[in-house]
2 protein chains.
Amino acid sequence: MKNYLRHDEWSIIEEGFHPEHNRISESVFSIGNGRMGQRANFEEGYGGETLQGSYVAGIYYPDKTRVGWWKNGYPEYFAKVLNAPNWIGLKIDIDGERLDLATCEVSHFRRVLNMKEGILERSFQARLKSGKEVKVHATRFCSIADDEAGAIRYSITLLNTSGVLSITSFIDADVVNQDSNWEERFWREVEAKTKKNQGYVTAETKKTAFQVCTGMKFTIFQNGAETDFTPFHTHRDKYVECSIDLPTKKGVETVVYKYAAVVSSLNHPVDQLMDHCKEVVKNSAKKGFEQMRLEQAAAWARKWEEADIRVDGDVAAQQGIRFNIFQLYQTYTGEDERLNIGPKGFTGEKYGGSTYWDTEAYCIPFYMATADQHVARQLLVYRHKQLQKAIENAEKLGFTGGAALYPMVTMNGEECHNEWEITFEEIHRNGAIAYAIYDYVRYTGDHGYLAEYGLDVLIAISRFWAQRVHFSERKQQYVMHGVTGPNEYENNVNNNWYTNYIAVWCLKYTLESIDFVQQQSAKRWKEIKAATRFDEKTESTKWQDIIKKMHLPQDKALGIYVQHEGFLDKDLLTVADLRPEDRPLNQKWSWDRILRSVFIKQADVLQGLYLFEDQFNEATLRRNFDFYEPRTVHESSLSPCVHAILAAKLGKKEKAYEMYLRTARLDLDDYNNDTEDGCHITSMAGTWMAFVKGFGGQRVYNDMLHFSPYIPENWKGYSFKIRFRGMFIEVVVSQDVVQIINRSKQSAALKVYGKKYTLKAEATLKVAHATR
Amino acid sequence: MKNYLRHDEWSIIEEGFHPEHNRISESVFSIGNGRMGQRANFEEGYGGETLQGSYVAGIYYPDKTRVGWWKNGYPEYFAKVLNAPNWIGLKIDIDGERLDLATCEVSHFRRVLNMKEGILERSFQARLKSGKEVKVHATRFCSIADDEAGAIRYSITLLNTSGVLSITSFIDADVVNQDSNWEERFWREVEAKTKKNQGYVTAETKKTAFQVCTGMKFTIFQNGAETDFTPFHTHRDKYVECSIDLPTKKGVETVVYKYAAVVSSLNHPVDQLMDHCKEVVKNSAKKGFEQMRLEQAAAWARKWEEADIRVDGDVAAQQGIRFNIFQLYQTYTGEDERLNIGPKGFTGEKYGGSTYWDTEAYCIPFYMATADQHVARQLLVYRHKQLQKAIENAEKLGFTGGAALYPMVTMNGEECHNEWEITFEEIHRNGAIAYAIYDYVRYTGDHGYLAEYGLDVLIAISRFWAQRVHFSERKQQYVMHGVTGPNEYENNVNNNWYTNYIAVWCLKYTLESIDFVQQQSAKRWKEIKAATRFDEKTESTKWQDIIKKMHLPQDKALGIYVQHEGFLDKDLLTVADLRPEDRPLNQKWSWDRILRSVFIKQADVLQGLYLFEDQFNEATLRRNFDFYEPRTVHESSLSPCVHAILAAKLGKKEKAYEMYLRTARLDLDDYNNDTEDGCHITSMAGTWMAFVKGFGGQRVYNDMLHFSPYIPENWKGYSFKIRFRGMFIEVVVSQDVVQIINRSKQSAALKVYGKKYTLKAEATLKVAHATR
């Protein structure tokens, strides 16, 4: 755990340069606009510890890692999030001496991520080896007003000397992925041009043949006046630069404005890419930095208006939740149906691929409640469109008859993960995809979705489960062998309770949905039935039998569900038994030791109790929580939020607060010692849930929105906003009272602490705190 | 299963060219001499399906395959068996047209591996695209008389034309491994020379810096007379060649003799490598091909004298067993204590590394019985020397206090395998290493080995087991979680019966051995105790407790030991339920499907019953055999031999014969559809065991050799020879009688069918067949 960033309500602030944490800062201060994004690398380059990273949504590379021990059924490749051409680069030389913070004395360093406006700023003074001193202030953003544009304002002042300031502005497509084997390059140049103060490179990805044109134009002001210059151009493979030497007086501020554009073949015909890139650059330069910045601030203001969560009296908690919301909207805006939410967003290259079950289990609830309904729907349709690939994926593993196994990780619907214990065995993801349909329909009331898109996905998933189980003669029950549950610190186990439970639930929900669609429209059902070749007699009967006879391991004496068979034979230590030097286990222990231990990476039985809480009584939840929580190390970012919500429900306020802070500040405080690889974007939606469902007690039952808020003791107050079926509700909680404000122009019926209220448009309801 | 090779008692014969099986033939016809070896690639090159492979014992490359999902505790690298410089190469052009069987009409093709003399021959006629016809006869061997030398006689006759015959003889170190990533080259050139009809390349392996000098000299005869020529030299990176154009008359035989040498820095100082290589080449050329060939035949005659097994009346069985013995002695001769027996020998590059548990469980019994006692001892000492590395390996996984985990695969004692379910979990290998010590002492009576080398290995292995188990409060027994047994079609299981059993056995045997050494020499025990810091009180007590309370899963109703917990919950199909198109499972089914199925890759419970057969009654063996055998697919080459021995013991003669043929002809008939990657060398020792222990009923109990032979119905007779404590015994069995011939110069006491006999030197004992 680190603690070097200043707590602030609206900004992330690094005061004083921390080169030892630079890769962490690069992740945390990342900026993006849903279309593109980048780590907070220094414009002028950096010779120290750094991970250079720019990313363009939807652009990936299918990397075939040939390992000696290929398993049958493995995908052909592993999709890599591609490090994309870098447009931020400036080289700054003073009398031929390169500015590089790795070789300077640095003072007055300050890096600020202004989340309110979506701006990254950095200022410092540097004393070069020659003794020359320089002051820099850099400001940069990826525009959400025009998501193909970015801009930099880079100000340099020579403090104790006059001299020749050389400024080189470049576009570099000759970039490499850190995780590439043998330094392999994934881009090749298509075209490159320089002209005056402009430079453009169109590069194409190998194999996938995506084209991206990255361009820039820059202007320079001295003493507030634009300088006229004729730069010197250099062009290497996949790289262009414009250089200029400026005799500069001591104390005079030189300001470089760099306007950049990133346009890709996902959105434009390849033959128009460069022209379009020039157009974007031209428009930006015409508009000017300050105007672009105003538009950026205005666009973010609109987002915050809808999605902000406020905490009074706890700056760390306030900063944490805003950071999570900010990063989520930097990563995915819901504008493009082809995109999804990568686990690292635009903050790092780890975990290739863009789509995990994180989307369904964590992100959809967030986007349902903070964005227009079509955004969540779009995320569901994304999977619907990939159904055929999921069926092919299951066929590769030997399943038949239209059974679907959705991939663990994907870019285009094809599986691109290759660890057998995950790829083939962490199949509960299929359940999460079905659950998201249920959750969406429950939340939005959009029952039409089932007939339109949902049912064929549900049928295909249920078919998978029906083949994946087998009947144990010995147990006289259906069992499911060889799975990996959400707790990835157990592999290839039998009868993981969560997986078995969600499988049975899928079968039930699919049968219910078939009934529902049938009743709504016999015609539509007939179509679906024909298209899916669903055999009502044999398939329904088999499913009913499995529902009736599935083995769901439990321990009567302890009154708990057993994570999987054999779990209770372990040495039943608790996290309190671990030494600090053992943590995090995944960095300190060998894999076999982790597997044999009792320690749980992330909510597993508790994940099921969270998703299906209305199917269990509180005593059951409590017994399971009390057994599993003390054995959970939360080394997955997806874990603490679930525990926070359950703890809140069980009235374990301290635990809920602890878990909330852990999820909210996971990256800010580098809890799991891995933020340097990038931020945990998808789990940030979990943070939002921990807040709204945990503290706010928000639920939907029977088409009605419920709240039962409570407030942590050390907070003065908090508020959050949510959308629900056309309503827009703000919940404002102080230590004294709970206010529900109907911010929509329609009346709103909802329940607070179980009691029903109807609020007129714009009305505020005040209720006293109550237990749930 | 293929069936294109002719059955013959002493040779492997391919009649007619089978390009579709060429990679299989290249494996089967491989030649080697313990120091170097090679696949049966064509001298003149081949444009069709081929895997070019030459290998030098002990020369490896540590290949770090960076995969995204590295596990803690993984080794730094995976040792690759390196494809070494190729010395067989000749390019043959007729009037500028290249001879390549891939582009010719081929007739009269015949490839023969003469196992009696250790010679590879190939003859054919080829009609080139131009219509020109040529006849070739190639003869080649790796000399076991001088294990740094090899020789080729290559005869060419133009059949229907006169023309210019261009002959290019080359040494090529610019070779690549098939399994290398990105076509990476592992060799770099140190030095290369050509002079007249000679060429030499010294190449060094990257990282490991082994140097190998490969050289050649060639002479050419036409019409029986040596031709004088001045070749044209070409030298590229890591490659030299000598070319010559010979105007050649129709019908005239041109014979190329190529003398080659391979010398390595394992055996010579690097600064003398090339000189020594020249020396070897010079001596060979001086000696001449025919003389070298005579020496080769004589050396092989001596080997056969000691190790041959004869079968009368079953050519397929005869060919099979000789092929196995031949390949074993081509791979490992026992001359060099630094070497071991790679699973593919010199026949392919698959399964990097040289030493698996195969050595202890399969090869040591073979070498104990067919070679001088020091050979088996040397194989044990090999592990003794690597004890410190095994301790470090265990430390990497979190074990302490001198516990050792021997690697799954190694070249130098370091683990170099990286599949977690094997590397970390297939720990029964530790048991096999302890068992080999027991087996060696039992066989040889060399009890001194324990005090000298054995005991510290046993203590370190027992320490590992004592830490690897834990006490289950629920079971009130010790359990061992997270293991992979010999049946690798189950991963990460709990309480694998075999592993638990051999662990307990190790603890018992170590305690007995401590007692034994203590009684023999209190002083020596004191030394060992001090060196190992053995704590008699706590360690012995703990071990005794584990011995008493280990969980050994069994099923009372079925009367069997249970392979591992949960096994009986599977769908208990048998192999008879499989469709032919499902086989082999490991090529047809996805990995998860294999894991979930009941099917057993190789003897697992039965492996334990085989090793410890004297600890179980026959009824127990039978029940377990009858349960597990029908569920075993034998997709490991190590499996059928164990089943053959048990079947023989249980009087299941048909099954024993079936299993014997399967192990003996595994590669000849390509049973598992993988011979193209190389032959299954280590399992060939299992074939020998299946014969001698299965049909011959050979055992050692209480320092005495036992036989209880029976003869398969369709055989006329068989014989085998074994060494035992200075004795040299031949067992000759016909349908009528069993003869035991004492071929040593000392009297021999032994038991036949349980009855003790003492044979004078050179005496023959005749006994009637009996049941065991």
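Between chain A and chain B of this predicted model, 14 residue pairs are in polar contact, both residues at pLDDT 80 or more. A polar contact is a pair of N or O atoms within 3.5 Å; within protein, one must be able to donate a hydrogen and the other to accept it, and residues adjacent in sequence count only if both atoms are side-chain atoms. H15(A) gives the most to the side of chain A that touches chain B, with five residues.

The rule also finds four salt bridges across this interface. Such a bridge puts a side-chain nitrogen of Lys or Arg within 4 Å of a carboxyl oxygen of Asp or Glu. One of them joins B:Asp555 to A:Arg474 at 2.5 Å, N to O.

In total, 58 residues of chain A are in contact with 58 residues of chain B, with heavy atoms within 4.5 Å.

Now turn to chain B. Strand S20 covers residues 239–248, and eight of its ten residues are buried, so the strand is largely enclosed by the rest of the structure. Buried means under 20% relative accessible area (1.4 Å probe, protein chains only). Strands are DSSP runs (E, at least two residues), numbered from the N terminus.

S20(B) pairs with S14(B), residues 163–172, in the antiparallel sense over ten bridges. Pairing requires at least two DSSP bridges between two strands. Here B:Ile171 stands opposite B:Val240. S19(B), residues 232–236, is also antiparallel to S20(B), over five bridges. B:His233 stands opposite B:Cys242.

Residues are numbered from 1 along each chain as its sequence is written. Side-chain values use heavy atoms, leaving out hydrogens and water.

Note on methods: Chains lettered and ligands numbered in written order. Predicted model: local features only at pLDDT ≥ 70, side-chain atom pairs only at ≥ 80, totals over all residues. Buried < 20%, exposed > 50% of the residue type's maximum accessible area, 1.4 Å probe, protein only. Helix = DSSP H or I, 4+ residues; strand = E, 2+ residues; numbered from the N terminus.
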